[in-house]
Amino acid sequence: MTSLYTAVVTSSGDGRDGKILSSDGLLAADLAMPTALGGSGAGTNPEQLFAAGYAACFHSALRLVARRAKADVDGSEVTAKVDLNRVGAGFGLGVTLEIGLPGVAPEAARELVEAAHQVCPYSNATRGNVEVELVLV
């Protein structure tokens with residue numbers, strides 16, 4: 001495998017109640033446990049960061065496969081919902097991707113979404129490890 005790009009982010013402090021900083025300084029955030037987990041909710045959390053990355057990555061993959069298919073996906077949106085689940089003695093993730101493709105016929109939209117799911121690096125990384133539900137909205 002040939003690396004095309006390497007992102008570098010450092011976590012410091014107390015993990016979920018700490019800070020993150022990217023090597024280029026463009027991403028800097030305070031982290032906090034969500035209120036639903038008994039935290040202050042005063043910062044972002046790993047699930048939100050994962051959701052942001054997956055939504056953006058999947059949307060990019062979707063637009064790539066749409067260009068290849070000469071499909072018009074103007075106005076498209078991808079919303080990622082990431083669940084933190086208890087799995088045995090540990091934890092796991094679940095993902096729902098809600099994909100909006102206004103103006104694209106349902107069958108064509110489903111084909112584009114399935115093709116994007118094969119191209120997206122996040123989809124490829126999670127396949128077989130994380131349940132990912134693809135929902136056309």
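**Salt bridges, core and fold of a predicted chain**

Glu47 counts as buried, with a relative accessibility of 10%; the term buried means under 20% relative accessible area, exposed means over 50%, and partly exposed lies in between (1.4 Å probe, protein chains only). The model is a predicted one, in which local features need pLDDT of at least 70 and side-chain atom pairs count only at pLDDT 80 or more, whereas totals for chains, interfaces and linings use all residues. Residues are numbered from 1 along each chain as its sequence is written, and side-chain values use heavy atoms, with hydrogens and water left out.

Glu47 takes part in a salt bridge with Arg16, in which the closest N and O atoms are 2.5 Å apart. This pair connects distant parts of the chain, since Glu47 belongs to helix H1 and Arg16 to the loop between strand S1 (9-12) and S2, 31 residues apart. Helices (H or I, at least four residues) and strands (E, at least two) are DSSP runs, numbered from the N terminus. In contrast to the buried Glu47, Arg16 is partly exposed, with a relative accessible area of 27%.

In the whole structure, four salt bridges are found, each defined as a side-chain nitrogen of Lys or Arg within 4 Å of a carboxyl oxygen of Asp or Glu. Another of them joins the side chains of Asp30 and Lys19, at 2.5 Å from N to O. Asp30 lies in strand S3 (residues 28-30) and Lys19 in strand S2, so the pair ties together parts that are eleven residues apart in sequence. Asp30 is partly exposed at a relative accessible area of 43%, and Lys19 is also partly exposed, at 46%. A further salt bridge is formed by the side chains of Glu114 and Arg110, at 3.4 Å from N to O. Both of these residues lie in helix H2, four residues apart, which is about one turn of the helix. Glu114 counts as partly exposed at 34% relative accessibility, as does Arg110 at 31%.

The chain as a whole contains three helices and six strands, arranged along the sequence in the pattern β-β-β-α-β-β-α-α-β. Its C-alpha atoms fill a box of roughly 45 × 35 × 30 Å along the principal axes. Of its 137 residues, 33% count as buried. Among contacts with a separation of 6 or more, 46% are between residues 24 or more positions apart, a contact being defined by heavy atoms within 4.5 Å.

The largest nonpolar core has 26 residues, and the members that touch the most other members are Tyr54, Phe58, Leu62, Leu97, Ile99 and Leu101. At least two residues of this core come from each of H1, S4, strand S5 (90-100), H2 and strand S6 (131-136). The greatest contribution is that of H1, with nine residues. A nonpolar core is here a set of buried Ala, Val, Leu, Ile, Met, Phe, Trp, Tyr and Cys residues joined through side-chain atoms within 4.5 Å.

Tyr54, located in helix H1, counts as buried at 0% relative accessibility. Apart from neighbours within four places in sequence, Tyr54 is in contact with Ala80, Val95, Leu97, His117, Cys120, Tyr122, Ser123, Thr126 and Val132. Tyr54 and Pro121 are 67 residues apart in sequence, yet their C-alpha atoms are 8.7 Å apart in space. For Leu62, with neighbours within four places again left aside, the contacts are Val78, Ile99, Leu101, Leu112, Val113 and Ala116.

His117 is situated in helix H2 (residues 106-119) and counts as buried at 12% relative accessibility. When residues up to four places away in sequence are not counted, His117 touches Tyr54, Phe58, Ser123, Asn124, Arg127, Val132 and Leu134. Ser22, in strand S2 (residues 19-22), is likewise buried, at 9% relative accessibility. Beyond its neighbours within four places in sequence, Ser22 is in contact with Val8, Val9 and Leu27.

Lys70 occupies the loop between helix H1 (46-68) and strand S4 (77-87) and, at 75% relative accessibility, counts as exposed. Phi of Lys70 is near 55°, which is a positive value in a residue other than glycine. Most residues other than glycine have a negative phi.
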